[in-house]
Amino acid sequence: MLKLFCAHIGHMGLEMSSQPDVELFTMGIWSVGLGAVGVAVTGILLANTDLFLTKPKAASLEFLETTELKSLGEAEERTFRAGELWKKNGAVIMAVRRPGCFLCREEAAELSSLKPQLDQLGVPLYAVVKEQIGTEVEDFQQYFKGEIFLDEKKKFYGPHKRKMLLMGFIRLGVWQNFFRAWKNGYSGNLEGEGFILGGVYVIGAGKQGVLLEHREREFGDKVSLQSVLEAAEKIKPLAADAEK
């Protein structure tokens, strides 16, 4: 009897001692879970600030004008220096992140809506792309009403090329841009490189310099059309004798 009593007491003690262990284990699991949620929430909040965004370095006129560009869609490919584009009358130039991107197509269409005003000012509208894949550039031409050239060295995306990777897909602003472009009827595809951010430049005639440089902060960060027009109005075309 004594042995049975001792065994029973020992079994009860084992059960009592194991109960706190289970509770501690449960509390540990909850702590880890809550910690993971906290880290995730903090990461999302930080990703929606500019804290981790690479700050753009301004592109000088000297840096841009020596860029080698290639013509597209011509019978004979032509290679020339970018400075030829704005030598006489200045230029508005869009550095396209990806021709198949519906956000880029939206911005291209909006910039093209300025074509009548730019034509009155005598300022041409151009675009550069970083690669040519299939009919992507040709399809993009439906949205962009200017000539498009190939910038293989991606100088219009520099001097310090900035990328937005997966962080872009947890930024609220990006999703708002997605919804805006989709609501406005734009569509696209996933062809080509689309992480190197683009921008828009307004460059004065000759050595007048870069009058406006808009660099994409995130996917779908469009330039202000009013700012483009205001900068274009400051362009001073070169007189015929000054060109010689």
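How many disulfides does a search of the whole structure find?

1. The search finds zero disulfides, a disulfide being a pair of cysteine sulfur atoms within 2.5 Å. The sulfur of C101 lies 3.8 Å from the closest cysteine sulfur, that of C104, which is too far for a bond. With relative accessibilities of 4% for C101 and 3% for C104, both count as buried, where buried means under 20% relative accessible area, exposed over 50% and partly exposed in between (1.4 Å probe, protein chains only).

2. A word on the basis of this note: the model is predicted, so that local features need pLDDT of at least 70 and side-chain atom pairs count only at pLDDT 80 or more, while totals for chains, interfaces and linings use all residues. Residues are numbered from 1 along each chain as its sequence is written, and side-chain values use heavy atoms, with hydrogens and water left out.

3. C104 also belongs to helix α4 (residues 102–112), in which nine of the eleven residues are buried; among them are F102, L103, A108 and L111. Helices here are DSSP runs of H or I with at least four residues, strands are runs of E with at least two, and both are numbered from the N terminus.

4. The whole structure holds eleven salt bridges, each a side-chain nitrogen of Lys or Arg within 4 Å of a carboxyl oxygen of Asp or Glu. K130 and E193 meet in one of these, at 2.7 Å from N to O. Because K130 lies in the loop between β4 (125–129) and α6 (136–140), and E193 in the loop between α7 and β6, the pair ties together parts that are 63 residues apart in sequence. K130 is buried at 6% relative accessibility, whereas E193 is partly exposed at 24%.

5. E218 and R171 form another salt bridge, at 2.6 Å from N to O. Since E218 lies in the loop between β7 (210–215) and α8 (225–232), and R171 in the loop between β5 (147–150) and α7, this pair ties together parts that are 47 residues apart in sequence. E218 is buried at 9% relative accessibility, and R171 is buried at 3%.

6. The side chains of E213 and R215 also meet in a salt bridge, at 2.5 Å from N to O; E213 is partly exposed, with a relative accessible area of 24%, while R215 is buried, at 9%. Elsewhere, E106, E110, R180 and K222 are linked in a network of salt bridges.
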